[in-house]
Amino acid sequence: MFLSGFSTALAASSCEEAEEDLEKIPPAYRGFAYEGAGMGATIHDALPGHRGRLAGLLAGRGRRHVYMVHVGIGWAMARLPKPLWPDVRRTDPLLRWLILDGYGFHQAYFHTDRYVRRPHEPLRFSWRGGPDDYAARVIDQGIGRALWFVGGACPDRVAELVASFPEHRRADLYAGTGLAATYAGSVTEHELRALLAHAGVHRHHLAQGAAFAAEARLLAGIEVPHTGRATSVLCGMGAAEAARICSERRPVDVDRCDEPAYEEWRREIAAAIALRTTSGGD
């Protein structure tokens, strides 16, 4: 489905034609197609004489899949030479960090030895979208999301992979894992509880990622049964409530220099879920 969205964004004669094909994808998989379309549109615009495909996608029906489209931009950056990278300063100042989530996912999935099996090697990344020191953390969130697939959606195996990383990176890795487990699913309630137990002190970071996934699916109107099953276990609440925590805490002031507003948003979501589950007797 990802590849279908990718090829559609490249081959369509217009954004409208691309959207018609993307909307035919079954709801459970449509977000992955829009993620692929984000990558395809970015590569389309990097070709000589081509432009406007990404902007058109985000201005049209892709705006409901804005989270996934931004992730797809990161996939494209992982494949394009740096001189052909899009000017990320033109993207949403808050959601542009998801571009690095997509970049991190790609690198962990396709360069697993470098990014997963030798995790003690320091990440070096420079871009024009914000502080480079924070960029490495968001890339870790994308790596954590990829671990859900690298580990075959097996909670024990995924937890082993996370544990192989230095402690200071695990909170971001579990946030990405929680997002993948909720958005992609493929596990039972029992397996989700095993993942929650493995997360231990990072359980609220895991929950933050799950809430992000719920927000992404509900915004796009593609909620599926495993969305609520995951948030019920990982967040202690239904998908709609988890998504509402994200939307209600979305920052207005995103032009901050001391700390990315994106990180403040994530931290407030995690804190709100922790408070809700603690007051509920979890």
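**Close-up views of a predicted model**

**View 1. Helices around the largest cavity.** Helices α5 (66–79), α6 (97–110), α10 (167–183) and α12 (203–220) each contribute at least two residues to the lining of the largest cavity. Helices here are DSSP runs of H or I with at least four residues, numbered from the N terminus. The lining includes Y67, M68, D101, R145, Y183 and F212, and the volume is about 110 Å³. Three cavities of 30 Å³ or more are found in the structure. On a 1 Å grid over the protein atoms alone, a cavity is a set of points where a 1.4 Å probe fits but cannot get out, and lining residues have an atom within 4 Å of a point. Grid points are joined across faces, edges and corners, and the volume is the space filled by probe spheres set on the points.

**View 2. Helix α8 and what follows.** With 19 residues, α8 reaches 26 Å from its first C-alpha to its last, close to the 27 Å expected at 1.5 Å a residue; that expected span is 1.5 Å times one less than the number of residues. After α8 comes G152, with a positive phi near 65 degrees. Helix α8 (residues 132–150) also holds F149.

View 3. F149 has a relative accessible area of 35%, and E167, in helix α10, has 42%. Partly exposed lies between buried (under 20%) and exposed (over 50%), using a 1.4 Å probe and protein chains only.

**Notes.** Residues are numbered from 1 along each chain as its sequence is written. In this predicted model, local features need pLDDT of at least 70, side-chain atom pairs count only at pLDDT 80 or more, and totals for chains, interfaces and linings use all residues, while side-chain values use heavy atoms, leaving out hydrogens and water.

Technical notes:
1 Å grid on protein atoms, 1.4 Å probe; cavity = no way out; pocket = protein on both sides within 12 Å on 5 of 7 lines; lining within 4 Å.
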